[in-house]
Amino acid sequence: MAQKRGQRGASSSADDPEVVARVPLQAVLLADSFNLMFRPITLERPKVLLPLVNVPMIEYTLAWLESVGVEEVFVFCCAHSQQVKQYLNQSEWTKPLARLSVTTIESHDAISAGDALRVIYEKSVIRGDFVLISGDTVSNMSLAQALHEHKERRKKDPLAIMTMIIKHSKPSNVTHQTRLGTDEVIMAFDPETKELLFYEDKADPSQRVISLDKILLADSPALYMHNDKQDCYIDICSPEVLSLFMDNFDYQHLRRHFIKGLLIDDIMGYKIFTYEIHSSYAARIDNFRSYGTVSKDIMQSWTYPLVPNVKYFGCCSNMKLDRQGVFKALDVVQSRSAQIGAVTLVGSGSTIGDHSVISHSVIGQECTIGRNVSIHGCYIWNNVIIEDDCKLNHAIVCDGVHLRTGVVLEPGVILSFKVEVGQQITIPAYSKVSLLPQPSIQDSDEELEYADTNSGVIESPSITSMISTRNAELSSDYSVTENSGLSEVGISGVGYIWCSYEGGNDEEWRHSVAPIPASKLAELSHDDYEDPDVSYQEVNSTPVSGEMRPDSEITGDDDADGTDYGDSADFDKEVEATFQRALTGVNQENVILEINSLRLSCNKSHADCAGALFLSVIKLGLEAPHSSNGELYQNTAKEINRWKDILKHYLKSVDEEIEIILKFEEICLEIATEFSPLFSTILSSLYEKDILSEDAILSWASEKEGADESDKIFVKQSERFITWLKEASEEDDEDD
């Protein structure tokens with residue numbers, strides 16, 4: 001071990017300015033997630049090669065690394081390493097003219113991220129600061145400022161060995177999860193230096209307290225606790241990080257072991273800092289829920305330029321963007337009676353039969369979709385055959401799957417590669433079906449995402465066996481039933497139905513691609529209010545006892561007004577996606593029910609719902625063809641009149657109406673400036689259609705009287721209308 005320490009000392013010479021100037025920016029990309037969240041799919045294909053909006057995940061990560069100036073990438077692959085190597089060798093990244101040098105490092109002995117970094121250390125390929133990232137990460141952030149701050153800190157303090165990228169993302173108060181389906185993370189860092197002082201990613205929300213070391217409180221009087229920060233899993237590291245993994249073989253998990261280990265180590269004194277991004281995008285696909293969330297973000301252009309219709313890497317496709325966020329390859333064959341709804345992508349060579357309806361979904365390449373098929377919120381990969389009269393709802397269907405006539409996939413279903421489902425069969429919610437039997441031992445999170453071929457398997461029921469015994473009582477956790485109607489089925493199906501561990505399907509909803517059921521949200525809300533003795537602190541300091549509740553509203557200086565900007569933007573996106581369903585013919589009452597579920601899960605008010613809906617409505621006016629402000633107003637007024645009832649549903653008081661006006665101001669200034677010259681005209685229209693009351697408009701104008709001039713732009717623009725309202729109000733008072 002003495003020799004290792006000597007090597008570590010030599011590597012620190014990379015901090016010398018002259019040496020740094022000659023070292024290209026390097027990155028270590030982990031092409032193995034070392035968890036089981038994507039089983040059974042990852043038994044057959046590595047996670048980084050799974051399609052994300054029809055493009056392998058690793059392509060997004062490599063494209064981002066190239067965009068931020070990384071010159072050398074070392075791709076560590078373990079599970080299905082040959083598939084990863086073969087893919088990269090055939091990709092644009094290994095061509096002679098590629099600007100990015102991509103080198104694979106293979107190991108079959110590594111069972112954790114810690115093992116992977118020890119292998120990287122032994123290869124002696126890292127010569128300076130490097131970016132550590134997982135191959136399932138999507139981002140469009142600029143790394144320049146974070147890298148500059150990291151290097152400047154290193155010059156002043158050699159113990160500052162790591163910078164973590166974080167962003168705002170407030171978890172739900174009901175589920176204690178972020179919109180990516182990940183558990184809330186509790187962080188504490190110094191508000192001035194941004195040094196990370198505490199990190200907990202496995203907090204038990206039922207306990208409602210976090211225990212802190214009294215020494216930490218004594219040493220850090222300005223400690224700020226946060227439960228509204230998302231770990232982006234993008235790190236800027238010094239070479240010492242690799243050395244620390246060599247010196248500590250108990251470091252396996254990057255966060256649970258390494259980060260926490262350094263934070264409690266008072267001997268070596270190494271420090272970790274944070275860099276928060278605000279307007280940029282960064283997310284890791286950790287489970288099926290985040291897979292669906294990031295897919296929708298890509299199609300809604302939050303990841304621009306990493307979007308389907310922009311060429312940003314070798315496997316670009318000939319996508320055309322239509323209205324309402326519909327991406328369609330030029331050679332798609334679509335029946336005239338078929339409908340493609342909002343936020344949908346259809347890949348090259350696919351065909352869609354008569355009267356089929358697809359919305360909020362991704363369809364892969366060379367797929368065949370029959371007649372009268374309904375697909376909503378699904379991710380259909382390549383070469384899938386879906387025969388007539390099938391209904392798919394929030395499911396993932398892998399390459400080569402064949403669904404015969406009348407199949408129904410309930411929410412949360414996963415069909416792995418080449419599974420066949422026979423006629424008139426219903427696959428229950430959250431079922432996982434694979435051609436491979438289920439391994440008998442579920443490895444821990446730190447172990448490989450493929451099964452040991454020598455291990456045993458569980459007696460998994462097959463589709464055929466389940467159909468033959470369909471009249472027996474079967475556990476709903478893993479049963480497959482057949483609809484009444486056809487008693488003679490040529491092929492019942494090919495595949496094993498996996499069962500669930502420890503709680504069964506009761507916990508599948510947490511990480512499913514399907515929305516959280518309203519009944520589950522109501523149940524969690526009820527549980528949350530059952531303990532009336534729990535009180536929450538609202539002071540901007542940590543209790544002397546060293547315990548702090550994770551739901552505290554403490555925020556940093558850039559959130560001093562208490563506004564959750566990132567959280568609001570996320571909520572607006574979710575409401576807009578739900579609203580788009582109404583455009584495809586979904587009953588408005590069902591849309592209101594779904595928005596209410598979102599409101600509960602995100603802890604939002606009726607005013608928040610109304611604001612998000614209003615944004616969605618006027619976007620329709622903006623998307624319609626127009627060549628002048630007059631035409632834009634006519635389009636917008638038409639959409640407001642069409643959807644006024646659903647807007648009124650969430651406007652129960654004057655205060656909520658005022659919130660709509662404030663939201664409209666925000667839209668005109670920041671989101672869709674095209675509406676700025678039309679503010680007063682549209683405000684008048686909202687009044688005429690009884691969406692906004694006279695009291696709300698006059699109260700809004702009154703509240704603006706003491707504001708800065710820059711905050712009174714739209715009050716001045718609406719001055720004539722406001723004066724008219726005041727005079728009309730005075731006349732009414734005189735008549736009374």
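In the predicted model, Lys 167 stands opposite Gln 230, a residue of strand E13. The two strands concerned are E8, which spans residues 160–168, and E13, which spans residues 229–237. Their pairing is antiparallel and comprises six bridges. In general, the strands of a sheet are joined through backbone hydrogen bonds, in either a parallel or an antiparallel arrangement.

Strands E8 and E13 belong to an open sheet of seven strands, in which the order is E5-E4-E1-E6-E13-E8-E14 and the pairing is mixed. From one strand to the next, the twist averages 30°.

Helix H3, formed by residues 57–67, touches strand E1 (26–30), strand E4 (72–77), E5, strand E6 (130–134) and E13. The direction of H3 makes about 160° with that of E6. Helix H9, formed by residues 254–264, also packs on the sheet and touches E1, E6, E8, E13 and E14. The direction of H9 makes about 125° with that of E8.

A further helix, H16, covers residues 629–642 and contains Asn 635. The relative accessible area of Asn 635 is 18%; because this value is under 20%, the residue is classed as buried. When neighbours within four places in sequence are left aside, Asn 635 is in contact with Gly 621, Ala 624, Pro 625 and His 626.

Note on methods: Residues are numbered from 1 along each chain as its sequence is written. This is a predicted model: local features need pLDDT of at least 70, side-chain atom pairs count only at pLDDT 80 or more; totals for chains, interfaces and linings use all residues. Side-chain values use heavy atoms; hydrogens and water are left out. Two strands pair if DSSP finds at least two bridges between them. Helices (H or I, at least four residues) and strands (E, at least two) are DSSP runs, numbered from the N terminus. Axes are lines fitted to C-alpha atoms, for helices over the stretch in contact, and angles run from 0 to 180 degrees between N-to-C directions. Contact means heavy atoms within 4.5 Å. Buried means under 20% relative accessible area, exposed over 50%, partly exposed in between (1.4 Å probe, protein chains only).
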